[in-house]
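Biologist: Can you put the model up and take me through it?
Modeller: Here it is.

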Amino acid sequence: MASDDTIFALSSGRPPAAIAVIRVCGPQAGRALQQLIGRVPPPRHATLARVRDPASGEAIDEAVALWFPGPRSETGEDMAELQLHGGHAVIAAVLNVLGGIEGCRPAEPGEFTRRAFENGRLDLTAVEGLADLIAAEAGAQRRQAFRQLKGLIGDRAEAWRRQIIEALALVEARIDFSDEADVPEDLVAPALRAAQQLRGDIAAALADSGRGERLHDGLVVAIAGPPNAGKSTLLNRLARREAAIVSPHPGTTRDVIEVHVDLDGYPVTLLDTAGIRDSDHPVEQEGVRRARERAAAADLILWVIDGSAGEAGRADRVSAELKSEYWRIKNKIDLVAQNPCGSNESRSGNGPLRTFSISAATGSGIDALLGALADFARDYFSTTEPALVTRARHRNALEETLAALDRALAEGKRGGGEELIAEELRAAATALGRLTGRVDVEDLLDVIFRDFCIGK
Ligand code: GDP
């Protein structure tokens with residue numbers, strides 16, 4: 001992938017659509033505009049232009065053309081953008097002209113963003129924020145992603161890295177000029193004080209119990225319970241679409257089905273676990289194993305029982321094996337003559353936190369359950385400070401930084417050598433540099449950019 005290639009792609013969604021946005025980036029971007037519309041419009045001004053096939057002179061479309069000369073462009077390189085009518089043939093004709101220009105080729109997934117990163121327009125945490133913004137399904141995820149894109153963790157990490165480098169400079173000055181008389185003796189002490197202060201700041205950022213990562217992935221609510229209790233029917237109700245197969249025969253939902261829902265702006269992943277019961281059938285056994293594993297790791301379990309079958313006692317004994325917090329859902333109350341829907345609280349020993357009486361089939365009691373789930377998500381995520389750490393990668397890098405600072409401080413306390421202190425401070429700065437992508441991250445890039453779409 002030579003970086004002086006000019007790349008192009010359809011950056012908007014799948015055609016046919018009202019409008020298609022085609023972007024071109026690289027040294028031939030201006031030439032591409034010349035070929036397609038016969039001129040290069042003034043920078044950053046929307047210009048109406050006739051788009052022609054340069055070979056035949058035939059008009060392809062009328063478009064809005066934009067010209068963003070580098071380095072003041074999104075990628076830092078020359079960029080051209082055409083807003084065309086979003087038909088298949090229009091798009092194909094324009095892409096065909098672009099492909100015929102020497103030095104132009106179709107972009108790889110995420111390649112525009114990768115250039116923005118390589119040209120220093122975005123750091124790695126902003127790139128991740130951008131990917132998260134495109135993937136965001138719930139409002140709270142969107143807000144968190146936008147904060148990352150705008151440098152919430154990236155700017156903080158860079159400021160920390162600068163402070164470490166300043167401390168390192170003091171220690172190195174002490175090493176380099178140790179023989180000279182006019183170098184103050186205590187250059188190391190202020191460096192260690194700065195390291196101590198930083199240590200506190202980073203530890204505070206890490207002590208957020210994974211809230212940012214959880215918002216990134218969604219709270220997990222598992223729907224579990226004996227076969228035929230109505231779990232799949234309930235999932236469909238909650239998700240308001242047909243995601244799980246509802247069947248009158250027990251034991252048909254063998255796999256764990258996952259549905260992402262937005263509850264009042266908070267992301268919740270609902271899992272429909274296979275009917276948890278012992279079975280001789282190997283495929284079913286595997287389903288049972290996976291169901292138990294996912295349910296055990298969930299933030300909340302909805303333990304569904306057939307409220308009309310009078311087996312609540314037995315079912316509760318099964319659910320007591322599950323260590324996670326759970327709510328008891330008495331389903332099929334439409335089959336019970338005088339059993340009103342609703343909920344009540346009970347907090348005894350290993351028992352459920354709350355009980356809801358519902359009918360997944362008729363929908364009664366579902367609104368109360370959805371409201372309670374939204375409150376649960378809101379309570380979980382609501383705090384005043386936005387989370388800094390939104391990915392395991394961030395957490396690892398900050399933990400590495402913290403460990404290196406601790407080693408530097410321990411070395412200082414022992415009255416250890418300045419060389420050793422300097423080495424640990426350097427390791428701390430490197431860990432932060434990897435977080436923002438300033439140093440040595442070739443190995444990470446493919447993983448991070450792989451998740452982007454083409455044209456971004
Ligand atoms: P699962 O095995 O727990 O996932 O149960 P299903 O969702 O497949 O439901 C089992 C059977 O119970 C199906 O025939 C459903 O139509 C039925 N069912 C589920 N919920 C209700 C309900 O609230 N009332 C009634 N009458 N039937 C229900």
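Biologist: What is Pro16 in contact with, leaving aside its neighbours within four places in sequence?
Modeller: Gly86 and His88. Contact means heavy atoms within 4.5 Å.

Biologist: Before I go on, what sort of model is this?
Modeller: It is a predicted model, in which local features need pLDDT of at least 70, side-chain atom pairs count only at pLDDT 80 or more, and totals for chains, interfaces and linings use all residues. Residues are numbered from 1 along each chain as its sequence is written, and side-chain values use heavy atoms, with hydrogens and water left out.

Biologist: Back to Pro16. How far apart are Pro16 and His88 in sequence and in space?
Modeller: They are 72 residues apart in sequence and 6.0 Å apart in space, C-alpha to C-alpha.

Biologist: Where does Pro16 lie, and is Pro16 buried or exposed?
Modeller: Pro16 lies in the loop between β1 (6-10) and β2 (17-25). Strands here are DSSP runs of E with at least two residues, helices are runs of H or I with at least four, and both are numbered from the N terminus. Pro16 counts as exposed because its relative accessible area is 64%. The cut-offs are under 20% for buried, over 50% for exposed and in between for partly exposed, with a 1.4 Å probe and protein chains only.

Biologist: Which residues does a cis peptide bond join?
Modeller: Pro15 and Pro16 are joined by one, with omega at about -5°. Gly70 and Pro71 are joined by another, with omega at about 0°. Pro71 has its place in the loop between β4 (59-68) and β5 (79-86).

Biologist: Switching to the ligand. Which residues come nearest?
Modeller: Asn228, Lys231, Ser232, Thr233 and Asp334, out of 18 residues around the ligand. A residue is near if one of its heavy atoms lies within 4 Å.

Biologist: What polar atoms does the protein put by the ligand?
Modeller: A polar side-chain atom of Thr233 is 2.6 Å from a ligand oxygen atom, and a polar backbone atom of Ala229 is 3.2 Å from an oxygen atom of the ligand. An N or O atom in the side chain of Asn331 lies 3.1 Å from a nitrogen atom of the ligand. Of the 580 Å² of accessible area that the ligand has on its own, the protein covers 83%. Those areas come from the Shrake-Rupley method with a 1.4 Å probe; for residues, only the protein chains shown count as cover.

Biologist: Which helix gives the most to the shell around the ligand?
Modeller: Helix α9 (residues 231-239), with three residues.

Biologist: How many residues of α9 are buried, and what covers them?
Modeller: Seven of its nine residues are buried, among them Lys231, Ser232 and Leu234. The cover includes β7 (219-224), β8 (257-263), β9 (266-272), β10 (300-306), β11 (326-331) and α12 (366-381). Just after α9, Arg240 takes a positive phi of about 55°.

Biologist: Where is a positive phi found at a residue that is not a glycine, besides that?
Modeller: Asp264 has one of about 55°, and Lys332 has one of about 65°. Asp264 is in the loop between β8 and β9, and Lys332 is in the loop between β11 and β12 (342-345). Asp264 is exposed because its relative accessible area is 56%, while Lys332, at 22%, counts as partly exposed.

Biologist: Rings next. How many aromatic pairs are there?
Modeller: The count comes to four aromatic pairs. Rings of Phe, Tyr and Trp (its six-membered ring) pair if their centres lie within 6.5 Å; planes under 30 degrees apart are stacked, over 60 edge-to-face, the rest tilted. Trp327 and Phe356 form a tilted pair, 5.3 Å centre to centre with 35° between the planes. Trp327 is in strand β11 and Phe356 in strand β13 (residues 354-357), 29 residues apart. Trp327 is buried at 3% relative accessible area, and Phe356 is buried at 1%.

Biologist: Why is the pair of Tyr380 and Phe381 edge-to-face?
Modeller: Because the planes of the rings are at 75°, with the centres 5.2 Å apart. Tyr380 is partly exposed at 30% relative accessible area, whereas Phe381 is buried at 7%. Tyr266, Tyr380 and Phe381 form one aromatic cluster.

Key:
A polar contact is a pair of N or O atoms within 3.5 Å; within protein, one must be able to donate a hydrogen and the other to accept it, and residues adjacent in sequence count only if both atoms are side-chain atoms.
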